[in-house]
Amino acid sequence: MDMEIRTNVSLRAMNTFGMEVKAACLAEYSSVEELRSLFPEGNLRSDLPRPWHHIGGGSNLLFTKDFEGTVLHSSICFAEEAEPAEDGKVKVRVGSGVIWDDFVAWTCRRGLWGAENLSLIPGETGAAAVQNIGAYGVEAADIISSVGCFEPATGKELTLDVSECGYGYRRSRFKEEWKGRYIVTSVTFMLSGNYSPRLDYGNVRSAVESVTKGADLTPGVIRDAIISIRNSKLPDPSEVGSAGSFFKNPFVSGDVFRHVADVARKDGLGDVPHFLSPDGSIKIPAAWLLEKCGWKGAVMGNAGVWGKQPLVLVNATGKATPDEILALEAAMVRSVQERFSILLEPEVEHI
Ligand SMILES: Cc1cc2nc3c(=O)[nH]c(=O)nc-3n(C[C@H](O)[C@H](O)[C@H](O)COP(=O)(O)OP(=O)(O)OC[C@H]3O[C@@H](n4cnc5c(N)ncnc54)[C@H](O)[C@@H]3O)c2cc1C
């Protein structure tokens, strides 16, 4: 089957906010050869509109308007499992277009440990390696062994070891200096056939115990517990449009922290939750700042804030426009800045 290249395409089904925006062109490739054919001589094919932007499931994106260029999307979908090594480790190579949670479910069905705490995170496997997704004490970098990439400028394929990818908290070199340089085409994970649950984060242990009721732990049982925790806290993108946590947690100086603590004392807001980081800065949860500014459950036109988690902006009616989400974002940022002198930055990429 020929590669699918369409013009003037609605992206509504390709972003979890459910924004009704259009791309001048959408190219969905299903092999590295097809991807290479889009970049003859190192540049996007001359008959396709520019610029180009690669997306996955659109679950960490806000399209702020129609996109005038070419949106690229991977439909490279496969999963190959190698023979287990003597120590029980199992390598699995997965195509970038595989839905992340389908992959996690697949590992759990096989009794492989490693990905289960990352159940139900929206998006695709290629983006999981770009974003270094994380939840419940585990991040993608803990289980990634290497990342297969295509370099448009040279037409080369290469495999980058996990140690080269610059992984940190929700960070990678793919998101930073390698953005536009490499397109992720596959990810190789190192999983384990040996019993290795990770339960020491938040309420994971108690949620697991309520599901197992004394039965043996398996990756699938932990997956079920994680899914039930997530469903109780976060909107289901198939029902309410969102892009997950919209803002980054701010890291502030001692002076700014003291200012926040003063405001909290004066206004009777209680103790300010905070975490010291190794570089001496102090992380304050953005969710706390937003909650204290009254944003939980707020509604502005068709846009809103999730009632159980003020970090999550939602397409409240399903009819929100990018401008309505941007107006809500600006109002939230302004209120936190005015009250606490902290400038919140978006986690969600604006396109
Ligand atoms: C309800 C909800 C809950 C969420 N919970 C979590 C959570 O618990 N933990 C967490 O970490 N995240 C969470 N997220 C955020 C989101 O799921 C992740 O960031 C996810 O990895 C995005 O995947 P995607 O395929 O949708 O990528 P997109 O949003 O489409 O793209 C993300 C970035 O990756 C780039 N990209 C995509 N594919 C490729 C590729 N093949 N090669 C190179 N670059 C590429 C894009 O250009 C973009 O910069 C949540 C989102 C929602 C909506």
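A salt bridge here is a side-chain nitrogen of Lys or Arg within 4 Å of a carboxyl oxygen of Asp or Glu. By that rule, two salt bridges turn up across the interface of domain 2 and domain 3. The model is a predicted one, so local features need pLDDT of at least 70 and side-chain atom pairs count only at pLDDT 80 or more, while totals for chains, interfaces and linings use all residues. Residues are numbered from 1 along each chain as its sequence is written, and side-chain values use heavy atoms, with hydrogens and water left out.

Six residues from domain 2 and six residues from domain 3 make up the contact, where contact means heavy atoms within 4.5 Å. The size of an interface is often given as the accessible area lost when the parts come together. Buried area is what two parts lose in this way (1.4 Å probe), summed over both; for domain 2 and domain 3 it comes to about 380 Å², with 31% of it on carbon and sulfur atoms. On the domain 2 side, Tyr-169, Lys-179 and Lys-233 lose the most area to domain 3, and together they account for 62% of what that side buries. Lys-179 also meets Glu-349, side chain to side chain, in a salt bridge of 3.6 Å, N to O.

Tyr-169 shows up again under a charge: Lys-283 lies over the face of its ring, at 5.3 Å from the ring centre. The charged end of Lys-283 sits over the ring of Phe-275 as well, 5.4 Å from its centre. The rule for such a placement asks for NZ of Lys or CZ of Arg within 6 Å of the ring centre and within 35 degrees of the ring normal.

Now for the ring pairs. Rings of Phe, Tyr and Trp (its six-membered ring) pair if their centres lie within 6.5 Å; planes under 30 degrees apart count as stacked, over 60 as edge-to-face and the rest as tilted. The count by this rule is 13 aromatic pairs. Phe-17 and Phe-246 make an edge-to-face pair, with 6.2 Å centre to centre and 65 degrees between the planes. This pair links distant parts of the chain, 229 residues apart: Phe-17 is in the loop between strand S1 (4-10) and strand S2 (22-29), and Phe-246 in the loop between strand S13 (241-245) and strand S14 (251-252). Helices (H or I, at least four residues) and strands (E, at least two) are DSSP runs, numbered from the N terminus. Phe-17 is buried at a relative accessible area of 0%, and Phe-246 is buried at 0%; buried means under 20%, exposed over 50% and partly exposed in between (1.4 Å probe, protein chains only). Trp-288 and Phe-340 form a tilted pair, 5.8 Å centre to centre and 40 degrees between the planes. Here Trp-288 of helix H8 (residues 286-292) is joined to Phe-340 of helix H9 (residues 322-340), 52 residues away.

Two backbone details round out the picture. Arg-50 and Pro-51 are joined by a cis peptide bond, omega about 0 degrees. Tyr-136 has a positive phi, near 50 degrees, and counts as buried at 13% relative accessibility.
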